[in-house]
Amino acid sequence: FTPADFEESGAGPLYVQLHRLIAEAIASGRLKPGDSLPPERDMAAMTGLSRVTVRKGVEALVASGQLVQKRGSGTFVAPRVERLEQALSLLTSFTEDMARRGRRVESRWIARGLHAPAPEEVMALGLGAGDRVARLERVRSSDGVPLAIERASLPAALLPDPEAVEASLYAVLEARGSRPVRAVQRISAANLGPRDAELLGVPTGVAGLRIERVSYLPSGQVVEFTRSLYRGDAYDFAVELKLAP
Ligand code: 16G
């Protein structure tokens, strides 16, 4: 963009003009998903706009989800997400699910360790006095796009060494003969708060799906109590219905 792209009068505030020009460049493919934008200082020099105006324009595009800001590394055109259809009736793991689609899986750990359980974990996992809980918190991504935040809690008796989980929790459980065979899952709507939105690279307040899974061993013992936040713009959950008897 050059100073000639901006008019003081008639075409709206300068930051709105910058917003529109960048949005058009994204829509036309001149700027592609993952492309980085020049630093604010350079954009100001390039366009003849003030840094405050550039910042306002960029902030508006971040708020609408067209740009993402990564702390320390700059501003990028947001990756395009294609919606994934997910069958609700199968007890699959994130890793298996993505492998079946031929997609790469990346997980970013936020926390992993043993703790004294919170009351809701005691209830959900059926823990006794003195039992500890293994907590795994991670952002699950596929092909570079963050899709979900998962916070899993398991009885420490089943996972005394949470750091043993590198990639797939279900693969570790399977190898130890404690893979769940049944689960109850609840889905509800949630607007993403600032922290979760940043982890998922979406604007604060957008729609997410809160999914709670409690899974069981054949004996009926609870294996996992997992609370996840899935991006509302990335998932369609599908289930086959049968005629009620
Ligand atoms: C899925 C499950 C989650 C489970 C995880 C294991 C939902 C909503 N959640 O994401 O409960 O802990 O898979 O995946 O489907 P992993 O084996 O790749 O670690």
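This is a predicted model: local features need pLDDT of at least 70, side-chain atom pairs count only at pLDDT 80 or more; totals for chains, interfaces and linings use all residues.

Residue numbers run from 1 along each chain as its sequence is written.

**Overall shape**
- The protein has 7 helices and 10 strands (DSSP runs, H or I of at least four residues for helices and E of at least two for strands, numbered from the N terminus).
- Its radius of gyration is 22 Å, whereas a compact globule of 245 residues would be near 18 Å (taken over C-alpha atoms, with the globule rule being 2.2 Å times the number of residues to the power 0.38).
- The C-alpha trace spans about 70 × 45 × 30 Å along its principal axes.

**Domains**
- Domain 1 covers 3–77 and domain 2 covers 84–238, with bounds from an automatic or database domain assignment.
- Their C-alpha centres sit 36 Å apart.
- Across the boundary, 5 residues of domain 1 are in contact with 4 residues of domain 2 (contact means C-beta atoms, placed from the backbone, within 7 Å).

**Around the ligand**
- Of the 14 residues around the ligand, Ser93, Thr95, Ser168, Leu169 and Tyr170 come nearest (a residue is near if its C-beta atom, placed from the backbone, lies within 6 Å).
- Elements giving two or more residues to this shell are helices H4 (94–100) and H6 (169–175), plus strands S6 (145–155), S8 (207–216) and S9 (222–231).

**Nonpolar core**
- The largest nonpolar core has 13 residues, and Ala134, Leu136, Leu154 and Leu169 have the most contacts inside it (a core is a set of buried Ala, Val, Leu, Ile, Met, Phe, Trp, Tyr and Cys residues joined through C-beta atoms within 7 Å).
- Strand S5 (133–142), S6, H6 and S9 each supply at least two of the core's residues.
- Leu169 touches Ser93, Leu136 and Ala152, leaving aside residues up to four places away in sequence.

**Val202**
- Val202 sits in the loop between helix H7 (194–200) and S8.
- Val202 counts as buried because it has 23 C-beta neighbours inside 10 Å (20 or more other C-beta atoms within 10 Å means buried, 12 or fewer exposed, in between partly exposed, with C-beta atoms placed from the backbone).
- Gln66 is 136 residues away along the chain, yet its C-alpha atom is 9.0 Å from that of Val202.

Definitions and conventions: Two residues are in contact if their C-beta atoms, placed from the backbone, lie within 7 Å.
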